[in-house]
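Here are my notes on this model, as numbered points. Please read them with the coordinates open.

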Amino acid sequence: MGHEDEARVEALIAQVIAREGDYSDHPADRGGATRFGITEAMARADGYDGPMRRLPLARAESLYRRLYWRAPGFDQVAELAPRLAEELFDTGVNMGPAVATGFLQRALNALNRGGRDYADLVPDGRIGPATLAALKAFLRHRGPPGEVVLLKAVEALQGERYLTLAERRPANEAFLYGWLADRLS
C-alpha cells in the first residue's frame, strides 16, 4: 500500500471514530458498551480485558484497519473503485463487513444485464476472486460513471436495511435518523 493509500485509510478510520464518538452505553443499543465504535465483545475477542472507558485509541484504530479494511478485502476493492471501498468500509463498521460485501454482490448481480457482462455471484458476504472479477468486468463495461451507480445501489440496500431494522424493532427508531443522516451520502 502506498503512502497516499495509507493516508486515505487513516482518514477513513478517523472519520468513523469521530462519528462513533468516545464512550457510549445506550440502553437501546444491543451492542452494549462501546468506545470509538468498538463494541465490548469485539474488544474482548481481540484480547482487551480492561474497562471499555479506557480502550486505547490506537487499539481501536488497529482493529478498524485489520478487521474492517484488510480482512474483508476492502483494500482490494479500493484498488479498483476507491469511493466504493470507502462506503463498504463505513457500512461494514455499522452493519458488519459481510453485510456490506453482500450489498456489493447483490448490486453487481442486479447490474450485470442478465449475466451478459459477467456471471451472477453467490452473495456469500466474502470478497474473493469471483467478486473482484465481477467488479472489474462491471467497471470495464460501464466505465468511470459505473462506480457512482454501484455506490448508489449499495447505499439503497443499506437504507432499506436501516428502515427494516427500525420496523422490526421499535427501539431501533432511536437510531434511525442518525443512521440515515450520517451513513448515507
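Predicted model: local features only at pLDDT ≥ 70, side-chain atom pairs only at ≥ 80, totals over all residues.

Where is R116 found?

1. R116 is found in the loop between α6 (97-110) and α7 (129-142). Helices here are DSSP runs of H or I with at least four residues, strands are E runs of at least two, and both are numbered from the N terminus. R116 counts as exposed because its relative accessibility is 66% (exposed is over 50%, buried under 20%, partly exposed in between, with a 1.4 Å probe and protein chains only).

2. Numbering starts from 1 along each chain as its sequence is written, and side-chain values use heavy atoms, without hydrogens or water.

3. R35 sits in strand β2 (residues 34-35). R35 is buried, because its relative accessibility is 14%. A polar atom of the R35 side chain lies 2.9 Å from the backbone oxygen of R53. Leaving out residues up to four places away in sequence, R35 touches G21, D22, Y23, M52, R53, R54 and L55 (contact means heavy atoms within 4.5 Å).

4. Helix α3 (residues 57-70) packs on helix α5 (residues 82-95) at about 115°, with the axes 9 Å apart. That angle makes α3 roughly perpendicular to α5 (65 to 115 degrees). Y64, Y68 and W69 of α3 meet A85, F89, G92 and V93 of α5. By class, this contact has six nonpolar residues, one polar and no charged.

How values were computed: Axes fitted to C-alpha atoms, helices over the stretch in contact; angles between N-to-C directions. Parallel < 35°, antiparallel > 145°, perpendicular 65-115°, else oblique. Nonpolar A, V, L, I, M, F, W, Y, C, P; charged D, E, K, R; others polar. Polar contact = N/O pair within 3.5 Å; in protein donor to acceptor, adjacent residues only side chain to side chain.
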